[in-house]
Amino acid sequence: MTAGTEDETLAGFRSTIDNIDASLILLLAERFKVTEQVGIYKASVGLPPADPEREEEQIARLKALAESTNLDPSFSEKFLRLVIDEVIRHHTRTRDEAGAAGD
């Protein structure tokens with residue numbers, strides 16, 4: 001292969017990766033739409049932004065799923081923790097905004 005020519009096999013892999021990445025972003029956007037509603041509900045009924053028991057259940061469930069699909073369970077936990085931490089940040093902001101509006 002010379003400079004300026006594209007490896008068609010590599011290009012095919014990259015195209016598939018690009019499509020998967022786009023799907024991941026769209027799925028995360030959908031997930032965050034739902035968790036936004038959860039945050040609004042929690043704020044309205046006085047529930048805390050975080051639910052450590054639920055978080056641990058989810059982490060265990062998804063680590064098991066990762067293992068069954070040959071994905072590194074440690075990676076799946078790190079990924080889910082990143083998502084959970086962002087959701088908690090949003091829930092905390094929602095709670096704080098609801099509290100400020102009620103003042």
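**Figure 1. Overall view of the predicted chain.** Of the chain's 103 residues, 16% count as buried (buried is under 20% relative accessible area, exposed over 50%, partly exposed in between; 1.4 Å probe, protein chains only). This is a predicted model, in which local features need pLDDT of at least 70, side-chain atom pairs count only at pLDDT 80 or more, and totals for chains, interfaces and linings use all residues. Residues are numbered from 1 along each chain as its sequence is written, and side-chain values use heavy atoms, with hydrogens and water left out. The chain holds three helices and zero strands (DSSP runs numbered from the N terminus: helices are H or I, at least four residues; strands are E, at least two). From the N terminus on, the order is α-α-α. The C-alpha trace spans about 70 × 30 × 15 Å along its principal axes. The radius of gyration is 19 Å, whereas a compact globule of 103 residues would have one near 13 Å (taken over C-alpha atoms; the globule rule is 2.2 Å times the number of residues to the power 0.38). Accessible surface comes to about 7900 Å², and 59% of that belongs to carbon and sulfur atoms (Shrake-Rupley method, 1.4 Å probe; for residues, only the protein chains shown count as cover).

Figure 2. Helix H2 covers residues 52-68, and its 17 residues should span 24 Å at 1.5 Å a residue; the end C-alpha atoms are 24 Å apart, which agrees (expected span: 1.5 Å times one less than the number of residues). Glu55, Gln58, Ile59 and Ala66 are buried in H2. Down the axis of H2, its buried residues fall within an arc of 100°, so they line one face of the helix (the arc is that of the directions from the helix axis to the C-beta atoms). These buried residues pack against helix H3 (73-101) (contact means heavy atoms within 4.5 Å). On the other side of H2, Glu53, Glu67 and Ser68 are exposed. Just after H2, Asn70 takes a positive phi of about 65°.

**Figure 3. Close-up of Lys42.** Lys42 sits in helix H1 (residues 8-45). Its relative accessibility is 14%, so Lys42 counts as buried. Neighbours within four places in sequence aside, Lys42 is in contact with Leu47, Pro48, Pro49, Ala50, Asp51 and His91. Arg95 is 53 residues from Lys42 in sequence, with a C-alpha to C-alpha separation of 7.8 Å.

**Figure 4. Close-up of the Glu55 salt bridges.** The whole structure has eight salt bridges (a side-chain nitrogen of Lys or Arg within 4 Å of a carboxyl oxygen of Asp or Glu). One of them joins Glu55 to Arg81, with the closest N and O atoms 3.3 Å apart. Glu55 lies in helix H2 and Arg81 in helix H3, so this pair ties together parts that are 26 residues apart in sequence. Glu55 is buried, at 12% relative accessible area. Arg81 is partly exposed, at 24%. Arg81 also bridges to Asp85, with 3.1 Å between the closest N and O atoms. Arg81 and Asp85 are four residues apart in helix H3, about one helical turn. Shared partners join Glu55, Glu56, Arg81 and Asp85 into one salt-bridge network.

**Figure 5. Close-up of the Glu77–Lys63 pair.** The side chains of Glu77 and Lys63 meet in a salt bridge, 3.2 Å from N to O. Glu77 is in helix H3 and Lys63 in helix H2, so the pair ties together parts 14 residues apart in sequence. Glu77 is partly exposed at 31% relative accessibility. Lys63 is partly exposed at 27% relative accessible area.
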